[in-house]
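Visitor: I have a structure open and would like to go through it piece by piece. Can we start with the pockets?
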Amino acid sequence: AQKITQTQPGMFVQEKEAVTLDCTYDTSDPSYGLFWYKQPSSGEMIFLIYQGSYDQQNATEGRYSLNFQKARKSANLVISASQLGDSAMYFCAMREGNNAGNMLTFGGGTRLMVKP
Amino acid sequence: EAQVTQNPRYLITVTGKKLTVTCSQNMNHEYMSWYRQDPGLGLRQIYYSMNVEVTDKGDVPEGYKVSRKEKRNFPLILESPSPNQTSLYFCASSPRPGLAGPHNEQFFGPGTRLTVL
């Protein structure tokens, strides 16, 4: 079974509007962390935001926020006031607590395109 | 500047010709890892290293070798590359193994685009 599922291969959003990128995960480990990365066309992986499984509040970092619904096992990324520079691939990833290899398990990604 | 560097950034080679992709980090991180990225599959871990002389397989290790003789370097070796190893490769490092919140995030290198003909 897929551990991280991103069901939206591609999305369009109008500049200055908010957009939600979906991510659902599967784990039986009570301790885990969820990450979002941005990959622009230049290829580098840019860390955006982190949510720990025991965090009481949803994570926020500037225009990025994470809608964490633990019972539903979802960790959707919300980008407010989209900018043209937000056009990129976005990856959701998870690290489980018993993971001695520190491995991040990634979803297949969502390509976001911001329209002017 | 704290960073992870990879070389080469782009490489086109032929089947069977041994190659090495270098990875170096200047942050004194214990943990290093290699991932490959393929369309629709995200990134998948190839090998990782928890410290010098300590390496282990990730999800997709077949056809790859690694070594960790020094803390800062973690080269990826393809002894006999095949076309199915055409991919975008990322090296990553983080301070220490184990789950420790965002402060243990992985820092990624810029990527190496490999094409095997």
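Visitor: Which residues lie nearest the centre of the largest pocket?
Guide: This is a predicted model. In it, Gln39(A), Arg111(A), Gln37(B), Leu88(B) and Arg113(B) lie nearest the centre of the largest pocket, which is lined by 22 residues.

Visitor: What volume does the largest pocket have?
Guide: About 390 Å³.

Visitor: And which elements give two or more residues to its lining?
Guide: From chain A there is β10. From chain B there are β4 (31-38), β9 (87-94) and β11 (112-116).

Visitor: How does that lining divide into nonpolar, polar and charged?
Guide: The lining of the largest pocket has 7 nonpolar, 11 polar and 4 charged residues.

Visitor: OK, next one. How much space lies in the second largest pocket?
Guide: About 310 Å³. The second largest pocket is lined by 18 residues, and the closest to its centre are Gln2(A), Ile4(A), Phe106(A), Leu41(B) and Arg44(B).

Visitor: Which element gives the most to that lining?
Guide: β5(B), with 3 residues. At least two residues each come from β1 (4-5) and β11 (105-106) of chain A and from β5 (42-51) of chain B. By type, the lining of the second largest pocket has 6 nonpolar, 9 polar and 3 charged residues.

Visitor: Back to β10(A). Why is it largely enclosed by the rest of the structure?
Guide: 9 of the 9 residues of β10(A) are buried, so the rest of the structure largely encloses this strand.

Visitor: Which of its residues point which way?
Guide: Ala88(A), Tyr90(A), Cys92(A), Met94(A) and Glu96(A) point one way from β10(A). Met89(A), Phe91(A), Ala93(A) and Arg95(A) point the other way, and all of these residues are buried. As a general point, side chains in a regular strand alternate between the two faces of the sheet.

Visitor: How many bridges join β10(A) to β5(A)?
Guide: There are 8, in the antiparallel sense. In this pairing, Tyr32(A) has Glu96(A) of β10(A) as its bridge partner.

Visitor: And what about β12(A) and β11(A)?
Guide: β10(A) pairs with β12(A) in the antiparallel sense over 3 bridges, and there Met89(A) has Arg111(A) as its bridge partner. With β11(A), the antiparallel pairing has 2 bridges, and Ala93(A) stands opposite Phe106(A).

Visitor: What does Tyr90(A) touch?
Guide: Leaving out residues up to four places away in sequence, Tyr90(A) touches a list that includes Leu21(A), Trp36(A), Leu77(A) and Leu112(A). Also among its contacts are Gln6(A), Lys38(A), Gly109(A) and Thr110(A).

Visitor: How many bridges pair β1(B) with β3(B)?
Guide: There are 4 bridges, in the antiparallel sense. Asn7(B), for one, has Thr22(B) in β3(B) as its bridge partner.

How values were computed:
Residues numbered from 1 in each chain as written. Chains lettered and ligands numbered in written order. Predicted model: local features only at pLDDT ≥ 70, side-chain atom pairs only at ≥ 80, totals over all residues. Heavy atoms only, no water. Contact = heavy atoms within 4.5 Å. Pairing = 2+ DSSP bridges. 1 Å grid on protein atoms, 1.4 Å probe; cavity = no way out; pocket = protein on both sides within 12 Å on 5 of 7 lines; lining within 4 Å. Points joined across faces, edges and corners; volume = space filled by probe spheres on them. Nonpolar A, V, L, I, M, F, W, Y, C, P; charged D, E, K, R; others polar. Buried < 20%, exposed > 50% of the residue type's maximum accessible area, 1.4 Å probe, protein only.
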